[in-house]
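Here are a few notes to read alongside the coordinates.

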Amino acid sequence: MRLPVAAAAALLLGACVTVPKAPQLLATSHARARALERDGQLRPALLEWKIARTIDPNDAQAHANEARLLARIEGLVASKVGDARGALQRGAPLHARRALLAALALDPANTTAAEMLRGIGVIEFVTYTVRAGDSLASLAERYYGDRARGEVIWETNNLPPGKPLAVGAVLRIPEIPGVPFYAPGRTPPPGSVLAAPPHGERGGASDEPPEVNPLLSDVRDAVDRKEFSTALADLDRYLADNPRDRDGAELRKLALYRQGQTALEDKKYDDSYRALTQLARLQPDYQDVATLLPQARRQVIDRHYQEGIRLFREEKLPEAIAEWRAVLDMEPQHTNARRNLEQAERLVKGLQERKSR
């Protein structure tokens, strides 16, 4: 067995080193291989098993694991290549490119993946900021002249299924090989939304974005920073002067949604319920507000109910009564809150009668 380079050099220099024995080296290599595979680093894990086999050519465990891992890698590569073929058939070159790069990361010598990747070439794409009234179909018509191509945009941006586009979101619009791509500076398809610019845009053949109101731009930045109170206050002032502005109205919905979602995650249930309730009044089917609102409502009810119990035990009866009344305002059928409220009110009445005697 050849010594590691550092150990050999140390011996030549007269240093005193302890070279690990073969069983120790094997055990270390086995442990590394297993740890790497658990972490999903399959190529380095395969190399470790090969190192173990080099240390001891008769290591049956290394032989078996090397063969097993090699078969696993081959299966994954075949799956990635098949995924890429399917993506190309759907007209999703970015998805195909990601799958092929993943295949080559597992097997750099795979000629099929390399040839397919060369065939895709450099993918051109443009970025687009979603505005009020946009949909995947309208954007597909805008850039491809075909409303049915919206799935490509959906897949490229990993968008959640069945939800409308969020105003202010930045999307990547990819070129589809073999399909006309009407990026900025190219001739728009006849009769497309580019020929009749949406939302009051100027021009016909150009795809220049409309002028953005500086206040709305600041509001979007505030929403991204989770400064929701500031964003909503600015929007209220803006919409008071521009009550029919669609971008402002959509941005207000987005701010309320993000505020409610973030507050729910942070367990600030009252804030979440307040924001989501306002949003539901504006648009009940906005994204997944129909799911989030009942969650926030239930948490608020439970919090008020438990707070009432705590205050009752501390003999703070008026405060407990206020908490249970809040519960009944939200859920009149809450039997326990009503029973507790009636009991607390009887106790308060009895105390008042004793004091008046």
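This is a predicted model: local features need pLDDT of at least 70, side-chain atom pairs count only at pLDDT 80 or more; totals for chains, interfaces and linings use all residues.

1. The crossing of the two is left-handed.

2. Which residues meet in this pair? From H12 come Tyr269, Asp270, Ser272, Tyr273, Leu276, Thr277, Leu279 and Ala280. Their counterparts in H13 are Val289, Leu292, Leu293, Ala296, Arg297, Gln299, Val300, Arg303 and His304. By class, the contact of H12 with H13 has ten nonpolar, four polar and three charged residues.

3. H13 (residues 289-313) also packs against H15 (residues 335-356), with the axes 11 Å apart and an angle of about 30°. H13 is therefore roughly parallel to H15, since angles under 35 degrees count that way. This crossing, too, is left-handed.

4. On the H13 side, the contact with H15 is made by Tyr305, Ile309 and Phe312. H15 supplies Asn336, Ala337, Asn340, Gln343, Ala344 and Leu347. Six of the residues in this contact are nonpolar and three are polar, with no charged residues. As a reminder for reading such lists, an α-helix has 3.6 residues a turn, so residues three or four places apart point the same way.

5. Now to another part of the chain. How many of the nine residues of helix H7 are buried? Seven are, so H7 (residues 136-144) is largely enclosed by the rest of the structure. The buried residues are Ser138, Leu139, Ala140, Glu141, Arg142, Tyr143 and Tyr144. Their cover includes strand S1 (125-129), helix H8 (150-156) and strand S2 (170-174). After H7 comes Gly145, with a positive phi near 75°.

6. Two of those covering elements, S1 and S2, are also paired: they run antiparallel and are joined by five bridges. One of the bridge partners is Pro174 in S2, which pairs with Phe125. Which residues of S1 lie on its covered face, and which on its uncovered one? Val126 and Tyr128 are on the covered face, while Phe125, Thr127 and Thr129 are on the uncovered face.

Note on methods: Residues are numbered from 1 along each chain as its sequence is written. Side-chain values use heavy atoms; hydrogens and water are left out. Buried means under 20% relative accessible area, exposed over 50%, partly exposed in between (1.4 Å probe, protein chains only). Helices (H or I, at least four residues) and strands (E, at least two) are DSSP runs, numbered from the N terminus. Contact means heavy atoms within 4.5 Å. Two strands pair if DSSP finds at least two bridges between them. Axes are lines fitted to C-alpha atoms, for helices over the stretch in contact, and angles run from 0 to 180 degrees between N-to-C directions. Angles under 35 degrees count as roughly parallel, over 145 as roughly antiparallel, 65 to 115 as roughly perpendicular and the rest as oblique. A crossing is left-handed if the near helix is turned anticlockwise from the far one by less than a right angle, and right-handed if clockwise. Ala, Val, Leu, Ile, Met, Phe, Trp, Tyr, Cys and Pro count as nonpolar, Asp, Glu, Lys and Arg as charged, and the others, Gly among them, as polar.
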